[in-house]
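Have a look at the model first.

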Amino acid sequence: PSFVGIEIRERRALREHLCSRIGASTDRIVLCHPGSGGLAKCCPLEALERLVAAKRAQSWSAAWMIGPDELERFGPEYARRLEGTAPVLYEESVETAADLVCGADAFIGNDAGMTHVAALAGVSTIALFGPTDPRVWMPLGRRCSVMRIPEPTEPIADWVQGVVSRLDILQRNVAPDCSAA
């Protein structure tokens, strides 16, 4: 079920393309987009790195998705840091990025455009919100859950466990014939 009407065979083709880009088999795949148009809306990178590690510990394939804004804002060392935990997909094309998102089983992202694309496409989506009001700006989608970025005093391990648990719930509600695989 998605708002944009992606057929199962289309998802399979998008899935195959995503697998080839990140070197994954047919395991479950989570994409994490660490960027946003506003720096204040970005989850701390350390928290996202630990979240990606937690999903990989659950036998998920994981990849980062970044675009020109992230490289311009943070520089090439940012991409190198991300490569230390998972493959990095760099996309300048919004259309290609959207196709990759639609091939994933799950998407974790800040309050940004690609998070809205994932939710509308029916991908299990965790939308991370900081200062903006999710009651106004939350993505639309049946498999989307909003969570706050961790507070500076909040233990990151507790926050990661909360996100992982929420994503596990979203994944349990996916019918096998509707998954990205």
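Arg 15 and Asp 105 make a salt bridge, with 2.7 Å between their closest N and O atoms; the term means a side-chain nitrogen of Lys or Arg within 4 Å of a carboxyl oxygen of Asp or Glu. This pair ties together distant parts of the chain, 90 residues apart: Arg 15 sits in helix H1 (residues 8–22), Asp 105 in the loop between H5 and strand S4 (106–110). Both residues are buried (under 20% relative accessible area; exposed is over 50%, partly exposed in between, with a 1.4 Å probe and protein chains only). Helices (H or I, at least four residues) and strands (E, at least two) are DSSP runs, numbered from the N terminus.

This is a predicted model: local features need pLDDT of at least 70, side-chain atom pairs count only at pLDDT 80 or more, and totals for chains, interfaces and linings use all residues. Residues are numbered from 1 along each chain as its sequence is written, and side-chain values use heavy atoms, leaving out hydrogens and water.

The structure has seven salt bridges, including these:

| Pair | N to O distance |
|---|---|
| Arg 15 and Asp 105 | 2.7 Å |
| Arg 50 and Glu 46 | 3.9 Å |
| Arg 135 and Asp 133 | 3.0 Å |

Arg 50 and Glu 46 share helix H2, four residues apart, about one turn of the helix. Arg 135 is exposed at 74% relative accessibility, while Asp 133 is partly exposed at 26%.

Now for helix H4 (residues 76–83): Tyr 78, Ala 79 and Leu 82 are buried there. They span an arc of only 95° around the axis (taken from the directions from the helix axis to the C-beta atoms), so they lie on the same side of H4. Arg 80 and Glu 83, on the other side, are exposed.
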